[in-house]
Amino acid sequence: MQGYSPTPWTFNYVEDNENGLPKVWDSNGNEVCECNGDDNTEKEANARLCVSAPKLLEACKEALVAFQLYGSGQKPVLSNAEFCDLLGEAIDKAEGNYEN
C-alpha cells in the first residue's frame, strides 16, 4: 500500500506565496507540503529532501529485501548495479542533483 500522494513530486516557489516558501506538489498538482528554513538555501534543501522521500523509501525497501536475502542463497529482485543505481538516484534527488 502506497498511502501517500502520487509521484513524482516536484517543488517550486509560488508567486502568491506570502511566506516565500517552496511548496512541494504531487504528480496531480496537489500541494503535499510547504517547506520552511532559516534562509532560502535551507528552505530549498528541505524541499529537495521532501521531494526525494518516495524514492528514498523505495531504496530503503529494496535495501531491506537485499539484507534479508543476504546469505540465504536467494537472489534479490535487483542486481547489484540496479540497486546501486536506485540508491544513487535517491541520494542525488535528496541532494538536489537532478532536474526538478
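In helix H2 (80-95), the buried residues are Phe83, Leu86, Ala90, Lys93 and Ala94, where buried means under 20% relative accessible area with a 1.4 Å probe and protein chains only, and exposed means over 50%. They sit on the same side of H2, because they cover an arc of only 105° around the axis, taken from the directions from the helix axis to the C-beta atoms. Helices here are DSSP runs of H or I with at least four residues, numbered from the N terminus. The model is predicted, so local features need pLDDT of at least 70 and side-chain atom pairs pLDDT 80 or more, while totals for chains, interfaces and linings use all residues. Residues are numbered from 1 along each chain as its sequence is written, and side-chain values use heavy atoms, with hydrogens and water left out.

On the other side of H2, Asn80, Cys84, Asp85 and Glu95 are exposed. The buried residues of H2 pack against H1, with contact meaning heavy atoms within 4.5 Å. Over in H1 lies serine 52, which counts as buried because its relative accessibility is 0%. Leaving aside residues up to four places away in sequence, serine 52 touches Ala90, Lys93 and Ala94. After H2 comes glycine 96, with a positive phi near 85°.

Among the lining residues are Glu62, Phe67, Tyr70 and Phe83.

Terms used:
On a 1 Å grid over the protein atoms alone, a cavity is a set of points where a 1.4 Å probe fits but cannot get out, and a pocket is an open set with protein on both sides within 12 Å along at least five of seven lines; lining residues have an atom within 4 Å of a point. Helices (H or I, at least four residues) and strands (E, at least two) are DSSP runs, numbered from the N terminus.
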